[in-house]
Amino acid sequence: FSLQEIHIKEPTEKEVNPHLLPGELLLCEASTVYKYIQEDGSNRGTYGKLVCTNFKIAFLDDDSASDDNEPQFKNKIVGENDITLQCVDQIYGVYDEKKKLLTGQLRKYPEKLIIYCKDLRVFHFCLRYTKEEEVKRIVSGIVHHSQTPKLLKRLFLFSYASAAPNNTDGRNQTVMFDTLEDWRDELERTKGNVKYKVVTTNEGYRVSEKLPLYFVVPICVSEENILKYKGRGIPIWCWSCHNGAALLKMSAFPKEQDDSTAQTQKAFLDGIYKTISKPPYELLKMDDLSSSLPTLQDIHTAYTRFKQLFLIDNSTDFWATDVKWFSLLESTNWLEIIRRVLKKAIEVAECLERQHTNVLLIEESATDLCCVISSLVQVMMDSHNRTKSGFQSLIQKEWVAGGHGFLDRCNHLHKSDKEEAPIFLLLLNCIWQLVQQYPPAFEFTETYLTVLSDSLYVPIFSTFFFNSQHQKDTNTSGESLKTQSGPFRFLTVWDWSVQFDLKAQAFLNNPLYAEKPKPDKSQRKTARFKHQRQLSLPLTQTKPSTKRGFFREETDHLIKNILGKRFGKLINSSDEPPNSFREFYDSWHSKPVDYHGLLLPRIDGPEIKVWAQRYLRWIPEAQLHGGGTIATAAKILDLMEEVQSLQVKMDEEHSQAISANVHSVPMLRNSARLSSLFPFALLQRQSIKPALPTSTWKDLEDEDDLVKRDDEFVDLSGVMS
């Protein structure tokens with residue numbers, strides 16, 4: 001709604017029907033529902049119809065039927081007033097101005113419904129003017145279909161796969177890692193085929209249902225050993241470094257074992273280790289991630305606290321949390337977890353790159369933190385994984401084929417809260433740190449990462465809705481549906497044309513990506529992307545603030561606290577010099593960046609930031625009008641458009657074919673009318689200052705220097721002006 005629109009839209013007689021996907025069924029609906037525009041005390045909003053299907057909850061008003069004011073970045077599957085059932089986080093009812101969590105059977109029905117979403121949107125619906133029978137149906141329907149446990153085959157994924165025609169774009173370059181050839185090609189690409197081999201031992205899942213059909217092990221590991229403990233205790237190959245050192249992972253034996261079993265397993269492991277540790281030619285370092293990184297429960301608790309900072313009910317709430325923003329943010333521990341994970345990835349990279357040592361990551365199932373660390377290391381060390389198709393192939397290899405339990409970790413079936421943990425989101429948050437620190441190194445944008453995080457909750461793609469390749473294979477046959485003759489043909493999330501048209505897909509590609517230069521022109525091309533670097537660490541040069549800051553005498557102590565907590569556990573090596581990590585880190589950061597070589601994230605102090613686009617995009621108070629990264633992008637894209645049109649004219653003059661990429665850049669006219677929330681939300685209403693005492697505002701203005709320096713994403717001075 002525009003800034004001028006201050007009147008409530010009255011209900012109209014016009015019938016608005018939901019747009020249903022193939023296989024989507026309307027389950028219940030309620031008319032004359034009033035949806036508040038982000039509640040700010042003015043009670044502005046619009047009347048419409050609230051519906052619940054087997055795929056989503058949707059609010060339909062008059063605007064739903066019109067194509068006017070179509071956003072540039074529109075999702076074809078999930079509209080701005082649609083919430084997929086898997087995206088619902090919590091539902092609250094308001095009874096006499098008091099909020100109550102809604103689960104299971106309801107005795108009394110609320111006058112207002114608040115839906116908190118996993119993508120951080122918040123919807124407020126007033127039901128006072130809706131018929132009582134309709135209120136009962138819609139509230140109990142929404143709570144039942146989005147919050148109660150369900151069977152896997154009841155997911156919309158199966159309804160859609162059986163009803164939708166499978167005619168998607170076949171030109172997808174993502175490697176799926178579901179064939180023998182895919183693994184052989186990857187071994188060859190990384191030159192790992194000298195010491196490692198693809199095995200077919202798990203065909204028919206006779207070794208383990210958690211492992212993929214095909215995987216890679218050291219050449220001297222026998223089939224008999226792989227079968228012995230159902231794949232446990234076997235080093236599985238992830239990636240090979242240019243110097244021949246390899247990154248491996250292993251699922252550990254259960255810790256609680258009787259003595260004789262433990263002895264047998266220890267002897268077995270000793271034999272296995274000897275196959276990959278042959279000093280002085282072949283060294284091996286082991287890292288038990290369950291002891292050197294936070295537990296899954298710690299990660300889940302931290303993220304639960306963190307996301308509450310962004311699930312804002314109204315303007316007053318936002319300003320109340322804003323006053324104590326830094327302490328609230330720190331108390332969640334989420335950024336500290338991101339820092340620790342990035343630090344662990346740097347430690348592993350140092351072993352592979354500098355010490356030429358094989359690294360074996362160990363975890364109980366090797367499907368959670370192993371996936372995070374191995375993916376991060378490969379993005380940092382292999383520029384192929386910083387292209388879009390390379391990154392997507394990496395997710396397929398380490399997460400989908402690697403057996404990460406998406407179904408349980410995302411709690412898509414609401415079976416068990418104990419299994420839930422945002423492990424894949426943790427990876428995306430870490431990758432975002434790298435993308436925002438080194439933009440030219442990545443072919444994709446932060447918008448791509450944000451959209452990928454949203455796709456976790458869209459159940460028309462199979463990518464994030466199974467726990468393993470075995471679970472997908474055993475549920476692919478369509479015998480339960482009489483209309484289905486053959487097996488289900490699920491979509492993959494990597495076909496972006498399903499969600500976005502070409503104009504919108506352009507926002508996923510980085511126009512400033514420094515493509516890998518041709519060998520003969522390497523010198524000249526590298527110079528074009530000269531990176532401006534700070535040669536000293538950020539902590540040592542931060543200007544002290546009168547209110548809060550880092551003083552010189554605190555610096556050493558702080559660095560030890562931030563970076564030194566786990567020095568003793570540095571990859572199980574007692575003879576490692578204690579300053580080895582710091583030396584490696586400082587040495588790399590003192591040199592110019594090669595965008596196609598090793599990338600190390602900056603992890604000191606305020607270098608670890610909040611992923612502003614994902615977490616602040618629905619909060620009008622946090623927007624920068626005509627500012628943020630979009631202002632920079634708009635200027636660059638305008639310039640690129642100009643260059644392309646000149647190229648077309650030159651081509652025409654030489655009677656050559658017009659470049660196919662002419663329309664690949666999205667047009668961002670009137671960038672001054674956009675805000676930092678773009679492309680997810682258009683310009684929203686101006687924020688209204690709350691009635692705070694003058695002294696509080698004075699305190700905030702004094703802190704302005706700190707805000708600008710430590711927290712670029714929340715520029716309070718911009719918001720307050």
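The chat below goes through the fold, sheets, cavities and some single residues of a predicted model.

Me: What kind of model is this, and how are residues numbered?
Reply: It is a predicted model, in which local features need pLDDT of at least 70 and side-chain atom pairs count only at pLDDT 80 or more, while totals for chains, interfaces and linings use all residues. Residues are numbered from 1 along each chain as its sequence is written, and side-chain values use heavy atoms, with hydrogens and water left out.

Me: How many helices and strands are in the chain?
Reply: The chain has 27 helices and 14 strands. Both are DSSP runs numbered from the N terminus: helices are H or I with at least four residues, strands E with at least two.

Me: And how much of the chain is buried?
Reply: Of the 721 residues, 55% are buried. Buried means under 20% relative accessible area, exposed over 50%, and partly exposed in between, with a 1.4 Å probe and protein chains only.

Me: What share of the contacts join residues at least 24 apart?
Reply: The figure is 72%, among contacts between residues at least 6 apart in sequence. A contact here is heavy atoms within 4.5 Å.

Me: Sheets next. What is the strand order in the eight-stranded one?
Reply: That open sheet runs β4-β3-β2-β1-β8-β7-β5-β6, with antiparallel pairing. Two strands pair if DSSP finds at least two bridges between them. At the edges are β4 (82–84) and β6 (98–101), each pairing on one side only. On average, neighbouring strands of this sheet are turned by 30° against each other, direction ignored.

Me: How many bridges between β1 and β2?
Reply: Eight, in the antiparallel sense, between β1 (residues 26–36) and β2 (residues 45–53). Glu29 has Val51 in β2 as its bridge partner.

Me: Which helix packs on that sheet?
Reply: Helix α2 (residues 132–147) does, touching β1, β2, β3 (56–60), β5 (88–95) and β7 (112–117), and its direction makes about 110° with that of β1. Axes are lines fitted to C-alpha atoms, for helices over the stretch in contact, and angles run from 0 to 180 degrees between N-to-C directions.

Me: What about the four-stranded sheet, what order and pairing?
Reply: It is an open sheet in the order β11-β12-β14-β13, and the pairing is mixed. Its edge strands are β11 (236–240) and β13 (284–288). Neighbouring strands are turned by 20° against each other on average, direction ignored.

Me: What does β14 pair with, and how?
Reply: β14 (residues 358–363) runs parallel to β12 (residues 246–251), joined by five bridges. Five bridges also join β14 to β13, again running parallel. Leu360 of β14 has Met286 opposite.

Me: Is β14 covered on one face or both?
Reply: Both: Asn358, Leu360 and Ile362 are buried on one side, and Val359, Leu361 and Glu363 on the other. Helix α12 (residues 369–381) lies across β11, β12 and β14, at about 155° to β14.

Me: Changing topic, how many cavities?
Reply: There are three of 30 Å³ or more. On a 1 Å grid over the protein atoms alone, a cavity is a set of points where a 1.4 Å probe fits but cannot get out, and lining residues have an atom within 4 Å of a point. Grid points are joined across faces, edges and corners, and a volume is the space filled by probe spheres set on the points.

Me: What volume has the largest, and what lines it?
Reply: The largest cavity has a volume of about 220 Å³. It is lined by 19 residues, with Tyr303, Glu420, Pro422, Leu425 and Tyr457 nearest its centre. Two or more lining residues come from each of α8 (296–308) and α15 (423–437), and α8 gives the largest share, four residues.

Me: How many disulfides?
Reply: Zero, in a search of the whole structure; the criterion is a pair of cysteine sulfur atoms within 2.5 Å. For Cys370 the nearest cysteine sulfur, that of Cys371, is 6.9 Å away. Cys370 is buried, at 1% relative accessible area, and Cys220 is partly exposed at 45%.

Me: Where is the cis peptide bond?
Reply: From Pro279 to Pro280, with omega near 0°. Pro280 is in the loop between α6 (259–276) and β13.

Me: What is phi of Lys230 and of Asn333?
Reply: Lys230 has phi near 55° and is exposed at 62% relative accessibility. Asn333 has phi of about 75° and lies in the loop between α10 (325–332) and α11 (334–353).

Terms used:
1 Å grid on protein atoms, 1.4 Å probe; cavity = no way out; pocket = protein on both sides within 12 Å on 5 of 7 lines; lining within 4 Å.
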